[in-house]
Structures are given as C-alpha cells and as structure tokens.
Amino acid sequence: MKPFELTRRKALRTIGKSAAALLTVSVSARSLGLSAALQVPEKIVLGTIPINPTIASYIGQVDFFKEEGLTVETTRFNNFAPILQAMAAGGVLAGDFGVVSSIIGLTRGLPLIAPFLGAYSTPSHPLERIMVMENSPIRDLDDLKGKKLAFLGPGTVPDMFLGALPKRTKIRKEDIELVPMPAPNMPDALAQGLVDAIFAIPPADSVAEQRYKARTIANATDLVPYAGLGTIALNREFAESNPQAANKLFRACIRFTRWIDDNPADARRVMAKNLGLPEELAAHSRIALFSRNGLPVMPNVWHLYEMMVQAKTIDTHPNPAKLFNDGIIEPTKRFTLPAVEELGLQPDPEIEAMLKGGYPLLPKPVESYYADWERRLLKI
C-alpha cells in the first residue's frame, strides 16, 4: 500500500465526518450576557463550518479574539442553515460562513447583519475548479455538453457559477447532466467513471489531483472572475446592544485575515490541524485570499444576489437596495469601518481589482453598485 493511499483514505474519512457532524447549541441570552448595559458579553458563540475559507479554521497559532479581550467559543456545524437558525434564536451570536449564506438569511428576513468580507477568489487566486481524468477527451468547458458533471447540488455556489456558462462558453447549464454529490465522494466517482467531470472544492480537488492525477479544465474564476466567499455575520440585536463587542470582534477578524495573508505556510498548517487534514494533503490544497480590511465589496454582493435569483435559490426581493443598505452598508459604516480605521487601512490591490472586475450577470455597470467607502478607495 502506497503511503499516499493511507493519506487519501484518512483525508476522505475526515472530510466525510466533517460533512456529517452537526453540533447543535442551546445557549440562553442571559448566559451570554445580552443585557444592553453590558458592552462585552462573557462569551460569544461563533458558529462556523469545516472549510478552509472560514476564519475559524485558522485559530490556533494566534488568537486575536482573545487579544481583543473577547471570549469566543467556536461551534462547528455541517452547513450554514443551522447556523442561521441558531443566530435567529439568539443562541449563536456570530456566524462564520459564506457571503451567499448571509444573503439568503437577509432575504428571509432573519435578524442579522453581514458587514464583513473575509475570503474571496480572483482570477489570480482561484479556489474551486472543474476537473477530469488525465486521459479524458474533455479539454474545455464546451466539451462538457452532454457529459455528467458532479457538483455540490442545486442552490450551491458551484451551481450558481454554472449559470454564467452562456456568458463564457457556447453551452448552457441545461446542456450538462448535473449529478449532485458530496465533495468527499467526487474523487472516487471520477476515477471509477461514474461521472465525466467534477466541480470540486478544496481539499477534494487535491485528493483527485494527487491520488488519481485528475487535471483541471477550468477554474471557477473562468466563469465568475471575482467572488466573495466568506463573511462574519452578527445577530442584529447583539450588535446594536453591544457595539463595543461588535467593534472588537471585527477588529479581531481583520487581524486574522491579515495574518492569514501574511503567513501562508503557518496558516496552512493551522488549517490542516483544525480540519483534520494530513499535512501533505494540506500542502497541496488551495486556500482563498482574505481581505486585508474586511470591507464588503458591494458589486460582488449584488452579483451573488442576481446569481441566486437566476438559479432560483431565492425569490426576487421587493427592495434589495434597502435590504443591502440595512443589512450590510449601514452596519459596515457603524462597525467595520471604525474597526479598520483604528487598525489602519492597508493597501489591498486584489480588492481594488475586484471592485473594477467583471461580473457577467450584473444588469448595470459595476460602478452603479459602489458604496461610499468604495468610491473613496477608488478615488472617484
């Protein structure tokens, strides 16, 4: 038995367990200190999911929450839905999950705010990718017509990215036979010929590449060049009643994102330990970019919203401009901007590129969606 085969099995087993595990919490508002008079609660429960674009995956070598005077207890869930439910109930005060998840929560009227951008992808730093076996006749996205493509399922980020196919290729999503499949199962399914291609996320993509010599025919950024992946959302009542704690939380998150970007080798090791990945697999796993200033990119928010409407993940909201103003823009001005100004705004060329980037499904020019801080950053 080859050494890597053991690694692969351990990795797949670990990923599978992470996907199946569901930790539920029931924490009373009183135990969390949700009194309006208390500025820093005794404990903040942070709901997270076991993927590498989340900030919680990098806690260990450093803990900026503790340095900011906060006691943060991370609780891992198998996906974003139970985190949203727990946040709405008040048992979880903060959520460390996807920008897409936060938009879903906002459109459903949940009492949360999402004034933060953590992880994101760009053409120079892609994350997800479409892969085939080394000897496959499939060479590009157009060759996927009539073929079986494993993906995470309807309503997921890969599903929405596939909605951009007509803008980038000669085919549509409907021309592909889509096969919903958990990420851990994709490498074996590809190798066994059960599917012709996989839309893989880390670390399943690295398993396919290292074990089966799968090759990449396209990155997700070939379909959607710029995409915000991670956010930190807060229970609205908690943030409004505890502005000092909210400020400290976002200060800590900004410090985390800068540390991840500045210390990729250390960050990768910590991530591997937290997610239970073998180091040799983690060494080949892609990790996302992380925003140095934590400020949301509003054209990205609007683009993800348009993608979700098109994919029928959400219904069209009667007033999305007000929704995003109340849930993202105003909270950013109140909480995230002061936090980053205290720490010192840092240059972030990738975010500037993202602000000017291509968003194939936006109905209006990108500058139509800028918030005030984005116009200031771009000096327009």
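At what angle do helix α11 and helix α12 pack, and how far apart are their axes?

**Entry 1: ground rules.** I am working with a predicted model, where local features need pLDDT of at least 70, side-chain atom pairs count only at pLDDT 80 or more, and totals for chains, interfaces and linings use all residues. Residues are numbered from 1 along each chain as its sequence is written, and side-chain values use heavy atoms, with hydrogens and water left out.

**Entry 2: the helix pair.** I looked up α11 (residues 243–262) and α12 (residues 264–275). They pack at about 110°, and their axes are 5 Å apart. Helices here are DSSP runs of H or I with at least four residues, strands are runs of E with at least two, and both are numbered from the N terminus. Axes are lines fitted to C-alpha atoms, for helices over the stretch in contact, and angles run from 0 to 180 degrees between N-to-C directions. The two helices are therefore roughly perpendicular (65 to 115 degrees).

I then listed the contact (heavy atoms within 4.5 Å). From α11 come Trp259, Ile260, Asp261 and Asp262. From α12 come Pro264, Asp266, Ala267 and Val270. Five of the contact residues are nonpolar, none polar and three charged. Ala, Val, Leu, Ile, Met, Phe, Trp, Tyr, Cys and Pro count as nonpolar, Asp, Glu, Lys and Arg as charged, and the others, Gly among them, as polar.

**Entry 3: the sheet.** I traced an open sheet of five strands, in the order β8-β7-β9-β6-β10, with mixed pairing. Two strands pair if DSSP finds at least two bridges between them. Strands β7 (residues 148–151) and β9 (residues 197–200) run parallel over two bridges. Leu149 stands opposite Ala197 in β9. Helix α9 (residues 204–212) lies across β6 (129–132) and β9, at about 30° to β6.

Entry 4: Is α5 (residues 99–107) mostly covered or mostly open? I found it mostly covered, with nine of its nine residues buried (under 20% relative accessible area, 1.4 Å probe, protein chains only). Just after α5, Gly109 has a positive phi of about 80°.

**Entry 5: the core.** A nonpolar core is a set of buried Ala, Val, Leu, Ile, Met, Phe, Trp, Tyr and Cys residues joined through side-chain atoms within 4.5 Å. The largest one has 117 residues, and Leu234 is one of those touching the most other members. Helix α11 gives this core its largest share, ten residues. Leu234 touches residues including Met87, Pro111 and Phe250.

Technical notes
Angles under 35 degrees count as roughly parallel, over 145 as roughly antiparallel, 65 to 115 as roughly perpendicular and the rest as oblique. Buried means under 20% relative accessible area, exposed over 50%, partly exposed in between (1.4 Å probe, protein chains only). Lists of a residue's contacts leave out its neighbours within four places in sequence.
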